Amino acid sequence: MLKLDIRVKILILIFANVLMFKTMSINMHFIVAVFFTLYLGLCSNFKRMSKLFIVYILFTIYELYFSHTVTLKIIDSFLLLTSLMYKTLYFPLCAGMGLVSSSKVSELISFLRSIKLPKKVIIVLAVLYRFFPVLMTDYKLIKSSLKMKGIGVSKGYYLLHPFKFFEYVFVPYVIISTNIANELSVSCLCRGIDNENKPTSFITMRFKFQDYLLVLFSIVAFSYIMFMR
């Protein structure tokens with residue numbers, strides 16, 4: 001796993017969100033998508049990277065070769081809309097997952113304190129930062145417990161039984177998410193984030209060679225993409 005400074009990851013996340021609104025050709029979009037895919041694989045894990053990129057490839061193939069073949073208008077419209085949304089969110093999705101999966105909350109808090117953000121804002125961002133990974137873990141636990149009871153074992157089960165998805169998965173998920181938010185908020189307060197005294201930190205933020213190299217490459221590539229016609 002590539003060790004990067006959290007400031008570099010946040011910079012790449014900002015670039016990804018800006019590029020999300022940039023109009024590109026299919027070829028250029030694919031090249032940028034490869035960069036963010038490799039970035040996710042190096043920061044997180046290659047299994048997660050491959051799953052996201054396979055879906056991206058499938059949507060790109062559909063857009064190039066099958067989108068003009070009219071079958072059912074409703075299905076075609078749905079697939080095109082889904083493809084557009086997925087490919088639009090692909091850059092920030094890879095950058096965000098790379099940031100969350102490879103950085104600790106203490107690194108984020110140390111960075112936010114260094115830029116003099118208010119403590120209330122730091123608490124909110126720290127809770128949000130930990131919220132989604134914990135939520136995904138609990139989602140897997142819910143699915144595992146249901147499979148032990150013989151529910152949702154087969155693939156496509158919840159597509160065939162959407163109301164059971166709301167009953168067995170969605171409702172417990174919402175209840176758990178509210179409890180998680182409260183627990184994370186209490187955890188942040190117990191760690192003294194709202195302490196009025198001058199905070200100390202054992203986290204030392206320092207750029208290394210790979211940080212400088214990636215920042216330089218990202219700035220050059222970002223500038224080229226933004227100003228090209």
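This is a predicted model: local features need pLDDT of at least 70, side-chain atom pairs count only at pLDDT 80 or more; totals for chains, interfaces and linings use all residues.
Residues are numbered from 1 along each chain as its sequence is written, and side-chain values use heavy atoms, with hydrogens and water left out.

Helices here are DSSP runs (H or I, at least four residues), numbered from the N terminus. Two packed helices are described by the angle between their axes and the distance between the axes. The axes are lines fitted to C-alpha atoms over the stretch in contact, and angles run from 0 to 180 degrees between N-to-C directions.

Back to our pair. H1 covers residues 6-19 and H2 covers residues 26-43; their axes come within 13 Å and cross at roughly 150°. The two helices are therefore roughly antiparallel, a label for angles over 145 degrees, while those under 35 count as roughly parallel. Lys9, Ile12, Ala16 and Leu19 of H1 touch Val32, Phe36 and Tyr39 of H2, where contact means heavy atoms within 4.5 Å.

Now bring in H9, residues 209-227, whose axis comes within 13 Å of that of H2, crossing at roughly 160°. That makes H2 and H9 roughly antiparallel too. On the H2 side you'll find Met28, Val32, Phe35 and Tyr39, and they meet Leu214, Phe217, Ser218, Tyr224 and Ile225 of H9.

What about H1 and H9? Their axes are 10 Å apart, at an angle of about 15°, so these two run roughly parallel. Their crossing is left-handed. The contact includes Phe15 and Val18 of H1, with Phe222 and Met226 among the H9 residues.

Finally, look at H4, residues 73-102. Its 30 residues reach 42 Å from first C-alpha to last, close to the 44 Å expected at 1.5 Å a residue (that is, 1.5 Å times one less than the number of residues). At Tyr90, shortly before the proline Pro92, H4 has a kink of about 45°, taken as the angle between axes fitted to the seven residues ending there and the seven starting there.

Note on methods:
Angles under 35 degrees count as roughly parallel, over 145 as roughly antiparallel, 65 to 115 as roughly perpendicular and the rest as oblique. A crossing is left-handed if the near helix is turned anticlockwise from the far one by less than a right angle, and right-handed if clockwise.
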